[in-house]
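Work through the exercises below with the sequence and the 3D structure open. Try each task before reading its solution.

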Amino acid sequence: MDGFGVSLAFWVLAAITLVAAAGVMVSRNLLHAVLFLILTFVGVAGFFVLLSADFIAMAQVIIYVGAIAVLVLFAVLLTPRASRDNGETRWALPGMLLAVCLAAIFLFVIHDTAWKTRDGVPQGLSASDLGTALLTTWVVPFEIASVLLTAALVGAIMLTRSPEEEAEDALA
Amino acid sequence: MTPFLVSDKWYDIRDLGNLSRALLDAADKVLPGGVVYVLAALIGFVASFLLFVLPSQLIIGVYGERRIIGRMQSRLGPNRVGPFGLLQPIADAIKLIQKEALTPAQADRVVMYIAPIIFVMPAVLLWAVIPFGENMVIADIPVSLMYFLAVSALPVIATFMAGWSSNNKYSLFGAMRIVSMAISYESPLVLALLGAVVMSGTISLSGMVAWADQYTIWMVFVQPLALVIYFICVSAELNRTPVDIAEAESEIVAGYLTEYSGMKWGLFYGMDIGYALAASGFAATVFLGGWTLFGLEKWVPGWMIFIGKTHLFYFLFIWTRGTLPRLRADQLMAFAWKFLLPLGVFNLLIVSTERMLWAEQDYAKGLIYVFALVNIVLSVGLVYAWARFNGYRPERSPTRPRLVKQAGGYIPVGERP
Amino acid sequence: MTPGIEHFLTVGALLFCLGLAIALSKRNAVGVLMGVELMLNAVNLTLITFSRFTVSPNPIAGHTFVVFVLTVAAAEAAVALALAVAVYRNRETIDVDRLNLLRS
């Protein structure tokens, strides 16, 4: 991964992603936090492109920005009287302390390990290889994931039905 | 891919990439480091957007669309400014630039400023992956089709940002309606494009054009249903009539655009047309065969063929806009979830079966024509049968006005029998 | 300075800890969900990094794992937000400090 462009891309993307993630934490408005979250998703998609995972990058934008961020926006807008000031709970300080300690442990482990890396880009990373792997080696988790998605769909719809709609569909 | 008569000379206009490549090679010797990439991006932007898109967007989009819709509605379009009204886009641009772009007092200024910028992004970004001709792609990534889907998720966020930051109830209503409509129509869109991917075996747009060239058939003949579903879903993503509950002028003032004036509104309006052109170019590449025309591209430059096909598809957009009335929001949702999504699944089923049969015959060329014929008949039958199953029947002879309840419209929960 | 495996892993670790801090400290339930999504993104980044940089006979396994994480994250976000909306309908709040009916 040589080249001036790759290094520049990495540092710019790292700056964007981490600043946006910090923005999710410190912004005083919940909707601003959601917009920063969307920026983080796009930054992580950029990282995926840098790591030769173009299919996953596009899937990340389609699923996270196109679907999950919209879901979060809907949830924020369907709860109008909830507090939208993005404040912290009572357990904020111990939580952040725990996160800092965990970060210290992670960073120590990362920089202390002798990673055995390869030199060039691996061979079989294209979308067709991913499709073959998903349908031959990993077909059972694939089918289970589809069942999981159906269960989530049914569950989400059932959780948000109003009592009249439930009474209408009940087996009398 | 079959070799074409495109040469390597820089003056060969059948492959405009030659000129830019010669320029970039000369620049690479002079400039330091990786600065040539910036120059390449600039040339790509100038070549694709400023030379191809913007003139056709201004002329065909702003002027041509209003004129054609006017003629369809038995009235003249704009014909005052300049000869035959050809300077209308320039007059519009000047008017919008000199207008004061008001911001409401309590509105969120930063978000309101950024929303048109994010709305512009898909229309410009999409031209980076569309092949204008052989070797005339700015970024030939192997997953171009998914790039289109990824980029089409951005206007949804921009619409929501515009609606929420205006601090206006009607804007918020409009924004929520559009966001729910856009995400409803994303699922059938993905399924329709998935049918095209399964048939050609590649996700990249250059691969699609190569497939159309290798088997000398356009994807639209093999899968007409996919094109119809794509057309309806992209109309919904672009907020065009008949699915434009976004700018329903008679319903909610101007929806999410209520508080936008001046060039901010001009950006939304211009990029409506720009994104429609980009989606037409995308459809021309995937479904209509791209820059190939059954061998004609040896004499006619490929990019001319491509531009012709793009505008042909854009004329379809203009045609439906001038002809069809607007659908109601709940009718739209029912249409997407109950009608288009199962149709997309049926299409995928049929296409997968045919692809498997085709692979067993070692991709014989004649078999694809048989599949095209079978698919056309099946698509027509499927649409008709599924519409009847869903209760959509054509009105034979409407005699008197019908009320919403009798017409089968939405009945609120408390009033149902 | 070309980015190596340690750079990407550092970014992933920092993103994970930021997500953890957000998930543990936000008062709004939707804010907690945002932290969880950040954590899942960091995990995806780490998986792709390992798939790209380490020597293995099957580098596509990292990508398949990421596809499953994406799927589960989408399903979990849908159900969690449906839960938040349902709780809001009954309690008129989604403040995690005030949802304490099970407390003794």
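Two residues are in contact when heavy atoms of theirs lie within 4.5 Å. The model is predicted, so local features need pLDDT of at least 70 and side-chain atom pairs count only at pLDDT 80 or more, while totals for chains, interfaces and linings use all residues. Residues are numbered from 1 along each chain as its sequence is written, chains are lettered from A and ligands numbered from 1 in the order in which they are written, and side-chain values use heavy atoms, with hydrogens and water left out.

**Exercise 1. Asn347 of chain B**

Task: Find the element that holds Asn347(B), decide whether the residue is buried or exposed, and list its contacts beyond four places in sequence.

Solution. 
Step 1. Helices (H or I, at least four residues) and strands (E, at least two) are DSSP runs, numbered from the N terminus. Asn347(B) sits in helix H13 of chain B, which covers residues 329-360.
Step 2. Buried means under 20% relative accessible area, exposed over 50%, and partly exposed in between (1.4 Å probe, protein chains only). Asn347(B) has a relative accessible area of 5% and is buried.
Step 3. With neighbours within four places in sequence set aside, Asn347(B) contacts Gln223(B), Leu225(B) and Ala226(B).

**Exercise 2. Which chains touch?**

Task: Which of the pairs of chains in contact shares the most contacts, and how far apart are the nearest C-alpha atoms of chains B and C?

Solution. 
Step 1. Two pairs of chains are in contact, and the pair A and C shares the most contacts.
Step 2. Chains B and C do not touch, and 14 Å separates their nearest C-alpha atoms.

**Exercise 3. The build of chain C**

Task: Describe the secondary structure, spread and surface of chain C.

Solution. 
Step 1. Chain C contains three helices and zero strands, in the order α-α-α from the N terminus.
Step 2. The radius of gyration is taken over C-alpha atoms, and the globule rule is 2.2 Å times the number of residues to the power 0.38. For the 104 residues of chain C the rule gives 13 Å; the chain has 17 Å, well over that, so it is more spread out than a compact globule.
Step 3. The C-alpha trace of chain C spans about 50 × 25 × 25 Å along its principal axes.
Step 4. Of the residues of chain C, 59% count as buried. Accessible areas come from the Shrake-Rupley method with a 1.4 Å probe; for residues, only the protein chains shown count as cover. The accessible surface of chain C is about 3,900 Å², and carbon and sulfur atoms hold 65% of that area.
Step 5. The UniProt record (unreviewed entry) lists residues 6-24, 31-53 and 65-88 of chain C as "transmembrane region". UniProt positions are given in the numbering used here, feature names are shortened, and annotations may be inferred rather than shown by experiment.
Step 6. Residues 6-24 of chain C are 100% helix and 0% strand, with end C-alpha atoms 27 Å apart. Residues 65-88 of chain C are also 100% helix and 0% strand, and their end C-alpha atoms lie 34 Å apart.

**Exercise 4. The build of chain A**

Solution.
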